[in-house]
Amino acid sequence: MYNRWLFVSLFIVLIQLQKALSFSAMTPCSRNYTFVPGFFIQDNSSTADANESNNELFDAQVPPRFGLIDSSDNRWAALQDQIRKLNRDSPSNERHKLVIFARHGQGFHNVAETKYGTQAWDDYWSKLDGDGEIVWGPDAELTPTGEDQARAVNVAWKDELEFDIPLPKKRYSSPMTRALSTYNLTFEGIQLPDHTKPLVLENAREVYGVHTCDMRRSRTYIRTTFPRFDIEKGFTEEDELWTPDVRESDAHVAGRAKSVLDVIFENQDDDSIVSVTAHSGIINGFLTSVGRPSFSLQTGGVLPMVVKAVETYSN
């Protein structure tokens, strides 16, 4: 009787082990993303709120604590504990990460749009490289004000390091000059984890087409001008996406943003905090892909968000 019970118990254990091994061998065939609210003051805010409100969230380029609601001295440790608990208590096909989105500082194209107005900018001026006074294309650069905005984010990071804000182990950037320059100024003088380099992703770039400011430069230019960055495999030498007559659709932007989230979540390491330095259009693409309303992020602004990925698997 005892031997029979032992045999049955071992059989059950073997079946469970086989299931676990089979599950671990499967690769996700798709991921769906949602955001988890309740951590940051920006979580329940939208562009509509920005048009109607006048408070620290929308007046400040970077709100205190990057918007973290918890103001206690151990706030960042508490947030990490909450994310770990979410991951620990969730099914094995769900994972959570804190993604810190940063918009580039003011670029010369932003100045030109303000100068001429959005309608005239979209209809005419955005299709040119400049107006004889300002040069914004191709691939607009930061203005001195934009550089100062990036330095202000650097100060915010250093302020929060006093309260043990976790530095992102994985960092991603758009290939546009204004984003790469913003990243460099943002993390200047900050010792990042493991001496890892940020990764340039084509799909993290701004909405492309028509506007010359959104035509990227060559891979060689990026590699030589920004040697601190790694560049993803398959990144083409020249910009093969930008065209002078077709502007990318919002739906396509959201699809690109989802592909960036796939890159972020395909890494199984314990990198629960990542950063993405990019642009307003693609950041709103990220918001669409996680089911959030659009958000009017200032140049040089920062938008943190806890994102949940739910994976479905195939053998």
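**Entry 1: the chain as a whole**

What percentage of the 315 residues in the protein chain do buried residues make up? I looked this up and found 46%, where buried means under 20% relative accessible area, exposed over 50% and partly exposed in between, with a 1.4 Å probe and protein chains only. I note that this is a predicted model, in which local features need pLDDT of at least 70 and side-chain atom pairs count only at pLDDT 80 or more, while totals for chains, interfaces and linings use all residues. Residues are numbered from 1 along each chain as its sequence is written, and side-chain values use heavy atoms, with hydrogens and water left out.

I then looked up the elements and found 11 helices and 7 strands in the protein chain; these are DSSP runs numbered from the N terminus, helices being H or I of at least four residues and strands E of at least two. For contacts, meaning heavy atoms within 4.5 Å, I found that of those with a separation of 6 or more, 80% are between residues 24 or more positions apart.

**Entry 2: the nonpolar cores**

I looked next for nonpolar cores, each a set of buried Ala, Val, Leu, Ile, Met, Phe, Trp, Tyr and Cys residues joined through side-chain atoms within 4.5 Å. The largest has 32 residues, and Phe-40, Phe-66, Leu-79, Leu-98 and Trp-157 have the most contacts inside it. At least two residues of this core come from each of α4 (75–89), β2, α7, α8, α9 (219–225) and β7 (302–314).

**Entry 3: backbone details in two loops**

Where are Arg-65 and Phe-66 placed? I found Arg-65 in the loop between α3 (56–59) and α4, and Phe-66 in the loop between α3 and α4. The phi of Arg-65 is near 60°, a positive value in a residue other than glycine, and the phi of Phe-66 is near 60° too, again positive in a residue that is not glycine. Arg-65 counts as partly exposed, because its relative accessibility is 23%, whereas Phe-66 is buried, with a relative accessible area of 3%.

In the loop between α6 (118–123) and α7 I found Pro-138, which a cis peptide bond with omega of about -5° joins to Gly-137. Thr-143 has its place in the loop between α6 and α7, and Thr-143 is buried at a relative accessible area of 3%. Its side chain is joined to that of Gln-106 by a polar contact of 2.6 Å, a polar contact being a pair of N or O atoms within 3.5 Å, of which, within protein, one must be able to donate a hydrogen and the other to accept it, with residues adjacent in sequence counting only if both atoms are side-chain atoms. Apart from neighbours within four places in sequence, Thr-143 is in contact with Gln-106, Gly-107, Phe-108 and Val-111.

**Entry 4: Phe-101**

I turned to Phe-101, which lies in strand β2 and is buried, with a relative accessible area of 1%. Not counting residues up to four places away in sequence, Phe-101 touches Val-276, Ile-283, Phe-286, Gly-301, Val-302, Leu-303 and Met-305. Phe-101 and Phe-286 are 185 residues apart in sequence, yet 9.3 Å apart in space, C-alpha to C-alpha.

On a 1 Å grid over the protein atoms alone, a cavity is a set of points where a 1.4 Å probe fits but cannot get out, and a pocket is an open set with protein on both sides within 12 Å along at least five of seven lines; lining residues have an atom within 4 Å of a point. Grid points are joined across faces, edges and corners, and a volume is the space filled by probe spheres set on the points.

The largest pocket has a volume of about 530 Å³, and of the 28 residues that line it, Glu-206, Val-207, Arg-247, Ser-280 and Gly-281 are the closest to its centre. I found that α11 gives the most to this lining, with 6 residues.

I counted 1 cavity of 30 Å³ or more, and the largest cavity holds about 70 Å³ of space. Among the residues that line the largest cavity are Ile-100, Trp-157, Phe-187 and Val-302.
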